[in-house]
Amino acid sequence: MSSTAFLQVQLHNHSLKNETFLSSTVENSLEQTANDSYKAKNKLQHPISHESLLQGTFNRSFLLHMLPKKRPAEVIKLDEDSSSDSITDNLHKRPRVGCLISSISSRTTTTGTTDCDRKENSGGQEFNNNSNSSSVAGNSVNASNMGFEDGNLQEIDEDLHSRQLAVYGRETMRRLFASNVLISGMQGLGAEIAKNLILAGVKSVTLHDEGAVELWDLSSNFLFSENDVGKNRALASVQKLQELNNAVLVSTLPSKLTKEHLSNFQAVVFTDIDLKTAIEYDNYCHNHNPPIAFIKTEVRGLFGNIFCDFGPEFTVIDVDGEEPHTGIIASISNDNPALITCVDDERLGFQDGDLVIFSEINGMTQLNDGKPRKVKSCRPYSFFLEEDTTNFGTYVKGGIVTQVKQSKVLKFKPLKEAITDPGEFLLSDFAKFDRPPLLHLAFQALDKFVSEKSRFPVAGSETDARMLIDIANQMNEKLGDKKLDDVNPKLLRDFAYGARAVLNPMAAMFGGIVGQEVVKACSGKFHPLYQFFYFDSIESLPTESPDPTDFAPLNSRYDAQISVFGAKFQKKLEETRSFLVGSGALGCEFLKNFALMGVSCGTTSKGKLTVTDDDVIEKSNLSRQFLFRDWNIGQAKSTVAASAASTINPRLQIEALQNRVGPETESVFDDTFWENLDVVVNALDNVNARLYVDQRCLYFQKPLLESGTLGAKCNTQMVIPHLTENYGASRDPPEKQAPMCTVHSFPHNIDHCLTWARSEFEGLLEKTPAEVNAYLANPGEYGSGMRTAGDAQARDNLERVLECLDREKCESFQDCITWARLKFEDYFSNRMKQLIFTFPEDAATSTGAPFWSAPKRFPRPLEYDVSDPSHLHFVLSGAILRAESFGIPIPDWAKNPKKLAEAVDRVIVPEFQPKQGVKIETDENATTLSAASVDDSAVIDQLIKNIEWCRKTLPSGYTMKPIQFEKDDDTNYHMDFISSLANMRARNYSIPEVDKLRAKFIAGRIIPAIATSTAMATGLVCLDLYKVIDGAHKVEDYRNTFANLALPLFSMAEPVPPKTIKHRDMTWTVWDRWTIKGNPTLKELIKWLSDKGLDAYSISCGSCLLYNSMFPRHKERMDKKVVDLARDVAKMEIPGYRRHLDLMVACEDDEENDVDIPQVSVYFR
């Protein structure tokens, strides 16, 4: 018998095995890991947004600007009277939000511009927001990348933009690729906006600025160096911005701009413009056909504002970016209105007035017509339908209800009208609910001051501040009924002092918000800011007001910041000893901010910044982690980021490490290291690491500045010693996990299918080859270990090893094709037949209820069809990976569909017959699928003998190659195989399938991420860093923030104080740690506690009990040093760098009440 035929027979013989091929435990829900990166108190509990995927091809002229080719920056100089057409001939005219990108066959102009109709958006009907599926159940996915060489170029570089695609979806990305943006004003705020948009991947960014770089600008613009002083700001910025993304055309307009030039852009942003000119430009944009999105924004010291005008009618296609909520129906009443109840698998998330559609209902089929219907009286698992179902058919079973996402039309007012009638302001800090109207007035007063004086108020000048206050008072008097009761002269004085300065944290925060608004304007994705937003962080100022002379410039790069905080405070910043944990997306932004702010940039030995990250740079990092370039791929993140930050500010005193922060590196980050720190900033992507750093900061009483992002959402949390609770004081509830039996036998959504597929991948291609290699490396030891274990898991491991060395061993690529084809038959036909045989469609539970009731979905076996590309692709990807694990070369013909189909046709597929007595787990509490057997030990002995016989036939040095899952390489077939596995399984159960990209998001546990929310989070953190460095602020001055740029929503509140414990005249919190020095004995320690009115009845070190008053023998330890007891009793090995040990002491007071005291640290050196 040939090896191929033998393989076929053996695979058939084992097709009935329960899924013990996998590890004994099922992985947690795939969405859980994504949430590790994002811990926000009171966070929105909604699924992550994802755009639906449009069918069709993409215009090649657009494609030219997607490919990561090198492009030199362009400089376009204009005469003052030049026409708008002379700006740049190759910029596309603006398409409407409702104009779909045409196919390759669309008529194009000579410049390559698609001739789209300038039609008004029809309410978003062109978009399918249900990103859960790209096909109906039972039909194959029309995926563009099927793995065959068809010569088509990929539209979007998914390796680069995968995290951003998880937020926006393909259609929004395509709209960005076709969008041209103008940014006027290239101080710090303009640079931040440009950075975020270039990373996002718009088609072009044009930089406009007529001014020259000043030393003053280096406080906020990361693009400038001292060598750029005197150069035009736009020209000095263009080259470094171009490096961020070579697929974006970055050009400059260094001369005067007129309103006619604006017609070349989809969105225009002005960061430094007077109100009169802004009104003129906005009127032009508002009345243009089609309208041009106009954004005016400015940052003045610790104050900032944004105004948006997207035209008379702007259609928001996707208001919140969340996926449509769905539910599995359990019952429907024949009533008016009808009551619909869903299974309690997940909360529905519907709101009164939502529209929903129904599908898959048996019985009351009238609801399956696809007509949107309105719901009311929504509860977590039920709702009423505003429809009379009295005469409908009786509900039998099944059914899915899905929310219909609705578009929204916004009517923006032009700036000229909005400035006098602003409507409701978008609030950010509810402690300052009356602040926006005052700031609205203050910025108008500042505009008038500048227009009259042709300069900004001088920092520290009481005369200029008084003049600004007078202007504000005069303007307020003319407001009539809208007059403010109090113009707050103190606030206006602080506003005047810092009016000229653009501070980096403010620029970073506003750069994130404005960048997101531009994305909204170009795509219709997410709800725009409507229309004014004002913000201040006046509480960031030092608690002690500096002397006016302290604001005077020092001819340094920090002069702008000095004009707000003073020179003495600047020195504090420079001498800060800081620790940044992580140098990814958040870390890159923080390093840039620190360099510009001058944090740890002192000329003395006092200031130092330590950054650590054990990760290396990958391609997918480049769309957000802006300090990295494509030539840095594979290099250490911390080293590259530190070098880039030093380029921004050569004075930065920085040390880059590649160590993970955890218990295993406490010899690196020892007591001395932590004790010498002033502040710790987390830039981490998982909760466990955050909790460890939190405990270290708690122990050493160091402030910890925490932040995280998830798509368009971000949060910040300030952890300040003795003022706030620590990060670990409150936890999010654990994510709900799908039961093992659901994942393996009764899936009812695509997440279950992908969880199963990922687990199968790891079992087949990573764990089993690793087991084989472990055996071959030391057969005797491996066998002894399995005999000692003697359980079902050991039996399963041995069976997998035997399969690879004997029954399913592959020696040629044809063997691999056979293996993959028979796996298809096993997974999607035989197992389904066995499941149906064990539980027929009319099966009942022990209580008599239908077994196949919601949420279970009755399966249907698949019949292999060589003409189905998805079937063939499963075999292709599976065979290629199987060949890789066996070290078999891939022949050139493998990717030819015709030749591959011919090879598949040669596979003999044995006929399958279901068997009686096959156990299929149905218990939702089961934790393993491996059934124990009384004869496991006998079976294990025989398996070891069989494996040993096989080993003798192997060539010397034979090994397999375990394949570790790598999601970010689209050429390795990992995601091809996983998505094929998941989609075929979904087809078994009539679950909507997904394309490879969506499968990659779920199975790859991709954390949605965009540059805008990251920039905003770090800006907010750095505003609180000012307070930490000052060291005298109260808890009410600090801010914890939750923001969702998609809505937009900004929620700021003061942190929660720590819980206080009282005893006698003492109080303490979790921040306190009691220390006793002098290397005390146990008796001295107990006496020390007794003097505080505490009776210590139990003392532990680690997990070992050193003393308990109930044990008479422990009294013999009284005269021993505590450190000696730790060595002798607890067997503790105390490293040389450790100067103390920590004890947990249980105490009671005089009334025998337990008292929870702080941790006690005994110093012995």
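Predicted model: local features only at pLDDT ≥ 70, side-chain atom pairs only at ≥ 80, totals over all residues.
Residues are numbered from 1 along each chain as its sequence is written, and side-chain values use heavy atoms, without hydrogens or water. Local features need pLDDT of at least 70 and side-chain atom pairs pLDDT 80 or more, while totals for chains, interfaces and linings use all residues.

Start with the barrel. Select β9, β10, β13, β12, β11 and β14: these six strands form a closed barrel in the order β9-β10-β13-β12-β11-β14, with antiparallel pairing. Strands here are DSSP E runs of at least two residues, and helices are H or I runs of at least four, numbered from the N terminus; strands pair if DSSP finds at least two bridges between them.

Next, show residues 373-376 (β12) and 382-385 (β13), an antiparallel pair with two bridges. Lys376 stands opposite Phe384 in β13.

Move to the loop between β9 (326-332) and β10 (338-342), where Pro337 is found. The peptide bond from Asn336 to Pro337 is cis, with omega near 0°.

Then select Glu360, in the loop between β11 (355-359) and β12. Its phi is near 65°, a positive value in a residue other than glycine. Glu360 counts as partly exposed at 37% relative accessibility (buried is under 20%, exposed over 50%, partly exposed in between; 1.4 Å probe, protein chains only).

Finish at helices α24 (813-838) and α28 (974-988), whose axes come within 11 Å and cross at roughly 20°. Axes are lines fitted to C-alpha atoms over the stretch in contact, with angles from 0 to 180 degrees between N-to-C directions.
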